[in-house]
Amino acid sequence: MSISVKQEGFFYQKGDFIPAAKDPAGIDAGRRKTMAWNILNAHNRSGDMGRLQIKFDAMASHDITYVGIIQTARASGMDRFPLPYVLTNCHNSLCAVGGTINEDDHLFGLSAAKKYGGEFVPAHQAVIHSYMRERYAAPGRMLLGSDSHTRYGAYGCMAIGEGGPELARQLLNKTYDIAYPKVIAVYLTGAPRPGVGPHDLAIALVGATFPSGAVKNAVLEFFGPGVESLSMDYRSGIDVMTTETACLSSVWQTDELTKAHLTALGRGEDYKAMAPDEGAYYDALVEMDLSAAKPMIALPFHPSNAYTIEDFKLNAADLLHEVDKRTAEQLGVKNAPSLSDKLVNGKFIVDQGVIAGCSGGTYQNLKRAAEILKGRSTGAGGFWLSCYPGSMPITLELTRQGYLAGLMAAGCSIRSCFCGPCFGAGDVPANGGFSIRHSTRNFPNREGSKPGDGQVSYVALMDARSIAATALNGGVLTAANELDACPIDRPDEGWAYDDSAYRARVYYGVGKPDPSAQLVFGPNIADWPEQIPLPENLLLTCCAAIYDSVTTTDELIPSGETSSYRSNPIKLSQFALSRKCPKYVSNAQKVQAEELKRRSGEGKNFPADTGIGSFIMALKPGDGSAREQAASCQRVLGGCANLAAEYATKRYRSNVVNWGMLPFIAEDVASWGIQEGDSLYIPGIKTLLEGDGEEIDAFLLRPSDSGEPSQTPVKLQLPGLTREERDIILAGCLINYYAK
């Protein structure tokens, strides 16, 4: 696909982009002419567009995150939901692992919606993002979700995925505080050819931007003549994957197709036209020629590991060898079945296909798959295909039009509205299996394997059209444009929306709190353990040292079956880094035991003003999920800091801070050679945070043969900490900060 990324400033003028160097004086005025500026300005409460304090229009959480968020807000004094808050149940929906505790969480969520005035969507009704698109996304709005794929830009709606503490802040009538972000133009021209779907464009965009960090923490603004060639389902399919570029959020120009879609949803009055004004300034420019796009594949273990299917087939042996190497290095599985064995007579054989979730389970995607497979069979061999519609209204319309019947007749299994295939709780392949999925991520173990038990399987991301083409050929990898004829995606391809399933089952309690209602607690729902304020000095032991180029939140706290324990902080913490650093929990618990002795007065050789804790060293931690547990589990185990060369995402750094941990940076940390058991002594850290310093002198302590640790002076940075972030860390965590 033809994608160019230009990392310099431009003005947009009459369909052209003019380098900003020719008019530096106009940059401030040009910033005000973007769609992003107008939305952020309307939601900013600070009076200073340089330092935003955002109030959102509505929020959403699912059943892995809402218990912890509500518990945090309750502990901080919340007595009602001050804005529309939607609680969906699309992650622990199967209730397949952990006994009663999943449904216990659901009952807690319903009781909280009644008590505090929220909207409760029962299990199997909708995937969180499908529901929010249908019910809440609209031009000019801002929505916040405790899921990283909170992206509704195709509706002209700026949505952000964050960790739970940021949602708790909104429930406490606080604001979302960030510096004004970069705004980057994504200019679309042309129209996709038959056989090219939204995931193909999305994978190409991620591949072109993520490796270089070109759009990290920026707002992507999509516009241009190519937009009108894309249906709303198609736009959403691209937009939801912007999360994988590491951007902060996204927003698209709106048009008559947006208006028609909102009207079909019964919300036509929410429409307003949105487009950048002449002279809008952008911090960078991404240009995408949609007509040059080809079917894509993102190989394990990241959505940015992107190739055209054509190129993959030409270079399969070499590319699969690279995946085999990553399996050994990244997963620690040394004798995994080689993917080269899946090359048979020059053809690559796939074991499974999945079309699911907020990216894959749209009406248009599943309709295309049904049309490709119509009257044919997926075969009785090893390959199998599962499809998960994103919501009950989508399921209803696909049923009425006969497309689900056609998929079932072809041998496809139809599942409920469930996010499991995206995070490892559904359709786990066999050991050594290769799954192609129209879902959001293909991180290690996202398909549910457990390398620690000698298991490994693989996920590659592909579009529903090429997955259906592969199913048509019994599992032989096939791009949709290889078919003799492929159904065409029309921009005006809407669908008849019927929300009767919602009206029959959803609890609509927004704005109607009932203080007399009692919360329903199951035995696994536990309060957050107490955290103490920051001591004057810290002695921290490294309990995990990770030298991978990027560390995902999945590696910090595994997804999948651990999801059942998300409402019990102490039980969940036992899974922290279990697949990446199996000794981490025991290492951290030993250090934590020393701190407990210090607090009780039993510790030896440690002054009362020096706290003992642990830290994780990772070069670039935090890519992936927004879930706060990636940080809170460290804190529950006595973690006091992360040390990194950089943080992969803003949301993970925010989680670290909100749980009272120090987000240290040292750009040359890779050269320090830190290993498990090394320590950092950081004198005067409390005094530094009480002031405005951003750098502190510390000592790296290492065991030596003499018995006395060696000491190496080092400098640690805390760039960009706001006054409030400093106070949160000083207090020990966000809960303590608000309790004060």
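Aspartate 489 and arginine 465 are joined by a salt bridge (a side-chain nitrogen of Lys or Arg within 4 Å of a carboxyl oxygen of Asp or Glu), with their closest N and O atoms 2.8 Å apart. Aspartate 489 lies in the loop between helix H17 (464-472) and helix H18 (500-505), and arginine 465 lies in helix H17, so the pair ties together parts that are 24 residues apart in sequence. Both aspartate 489 and arginine 465 are buried (under 20% relative accessible area, where exposed is over 50% and partly exposed in between, with a 1.4 Å probe and protein chains only).

## Basis of the description

The model is predicted, so local features need pLDDT of at least 70 and side-chain atom pairs pLDDT 80 or more, while totals for chains, interfaces and linings use all residues. Residues are numbered from 1 along each chain as its sequence is written, and side-chain values use heavy atoms, leaving out hydrogens and water. Helices (H or I, at least four residues) and strands (E, at least two) are DSSP runs, numbered from the N terminus.

## Further salt bridges

Lysine 580 pairs with aspartate 548 in a salt bridge whose closest N and O atoms are 2.4 Å apart. Lysine 580 is in the loop between helix H20 (569-573) and helix H21 (584-600), and aspartate 548 is in the loop between strand S26 (537-546) and strand S27 (551-552), so this contact ties together parts 32 residues apart in sequence.

Within helix H21, glutamate 595 and arginine 599 are four residues apart, or about one helical turn, and their side chains meet in a salt bridge at 2.9 Å, N to O.
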